[in-house]
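Me: I have this structure open and would like to go through it slowly. Could you start with whatever terms I need?

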Amino acid sequence: MAVAITLILNGIANSALYFLMSAGLTLIFGLLRIINFAHGGIYLWGAYVAVFLYSVTHQFAVALVGGIAAGLVLGWLTERLLRSAEEKGQHGSASEGSNQLLLTMGALIVLDEAVTMTFGRDPINASAPSLLSHSFLFGSLVIVVYQLLVIVIGIVVYVALQILLRRSRLGMVIRAGVYNRELVEARGIPIRRVFMWTFILGAALAGFAGALAGPYFGSVTPEMGMDMQLNAFIIVVLGGLGSLSGSLAGSLLIGVATALVSYFAPSLAVLVNVLLMAGVLMFRPNGLLGERGVA
């Protein structure tokens, strides 16, 4: 029983990381309908920047801020790249989606190679402050403080995003712009700029997730971005496009399933996630909470 509880706790902590990553993707892909394969590369750079800053400053807060800043900068650059391509083409054209896919795939490759050239291909150890690395034993149950921190951060980010999207004027503008961009623009609201900052916020969440992921997994590797990105896309589709609560539900489902299957049958971990998504979409084509619409 203690093993099962420990695995479920690990799964919930995994879910918090997945949620931070998929929440950013929900804003970018689910709401704005922008296909951003560079999201995994931004997560990767958030992880490496945070590890580097912590090794230099030994200040965990500085490392986290550095990861977020990396996400902000790379998000801005990616958004500028996509906007430049959009301005040269025709908004809403059939080729827009394929252009986004190709551009962001290219950006992902560049970001991955830049990490390899800068930090090398070998894994780099990532540690948290000793206070956060402490663990408690309740019988045979092990609880690590860092896991609890990641879970709390995931909850705080979820609540903050819900307030932003559902309780603030900015959230109302974003949701209105998603449904009718031209009408919002006609009322004098710079919806393009609002979407730009929404995109950058989503990228910052990816950088934040990467900064937290390094100490959580104990090391950073050039492959970690692609692995996390695959799960994030599965979660966004499984939860329902544009649904923040759906992303949370999907993150919990994938996080706990990954923890359990990785322990009992490690080779099936990725396959189970894909099967879960296929099974849910078979009975709920819009995802777990997709029919509820935005957020």
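Reply: A residue is called buried when its relative accessible area is under 20%, exposed when it is over 50%, and partly exposed in between, using a 1.4 Å probe and protein chains only. By that rule Ile254 counts as buried, because its relative accessibility is 0%. Please keep in mind that this is a predicted model, in which local features need pLDDT of at least 70 and side-chain atom pairs count only at pLDDT 80 or more, while totals for chains, interfaces and linings use all residues. Residues are numbered from 1 along each chain as its sequence is written, and side-chain values use heavy atoms, with hydrogens and water left out.

Me: Ok, and where does Ile254 lie?

Reply: Ile254 belongs to helix H11, residues 244-264, where helices are DSSP runs of H or I with at least four residues, numbered from the N terminus.

Me: What does Ile254 touch, if we skip residues up to four places away in sequence?

Reply: Ile254 touches Tyr18, Asn231, Ile234, Ile235, Leu238, Asn273 and Leu276, where contact means heavy atoms within 4.5 Å. Tyr18 is 236 residues from Ile254 along the chain, yet their C-alpha atoms are separated by 8.4 Å.

Me: Switching to Ser15, is it buried or exposed?

Reply: Ser15, which sits in helix H1 (residues 2-31), counts as buried because its relative accessibility is 2%. A polar atom of its side chain lies 2.7 Å from the backbone oxygen of Gly11. Not counting residues up to four places away in sequence, Ser15 touches Ser251, Leu252, Gly255 and Val256.

Me: And Thr6, which helix is it in?

Reply: Thr6 is in helix H1 as well, and it is buried, with a relative accessible area of 18%. Leaving aside neighbours within four places in sequence, Thr6 is in contact with Leu141 and Val142.

Me: New topic: how many residues are in the largest nonpolar core?

Reply: There are 80 residues in the largest nonpolar core, and Tyr43, Tyr146, Val157 and Leu212 touch the most other members. The largest share of this core, 14 residues, comes from H1. Such a core is a set of buried Ala, Val, Leu, Ile, Met, Phe, Trp, Tyr and Cys residues joined through side-chain atoms within 4.5 Å. As for Val157, it touches Phe19, Leu20, Leu205 and Phe208, not counting residues up to four places away in sequence.

Me: What about Val173, which residues is it in contact with?

Reply: Leaving aside neighbours within four places in sequence, Val173 is in contact with Val184, Ile189, Ile191 and Val194. Val173 lies in helix H7, residues 169-179, and counts as buried because its relative accessibility is 6%. From Val173 to Ala259 the separation is 86 residues in sequence and 38 Å in space, C-alpha to C-alpha.

Me: One last thing, where does His58 lie?

Reply: His58 lies in the loop between helix H2 (39-57) and helix H3 (60-88), and it counts as exposed because its relative accessibility is 57%.

Me: What is the phi of His58?

Reply: His58 has a positive phi of about 60°, although it is not a glycine. For background, most residues other than glycine have a negative phi, and most peptide bonds are trans.

Key
Helices (H or I, at least four residues) and strands (E, at least two) are DSSP runs, numbered from the N terminus. A polar contact is a pair of N or O atoms within 3.5 Å; within protein, one must be able to donate a hydrogen and the other to accept it, and residues adjacent in sequence count only if both atoms are side-chain atoms.
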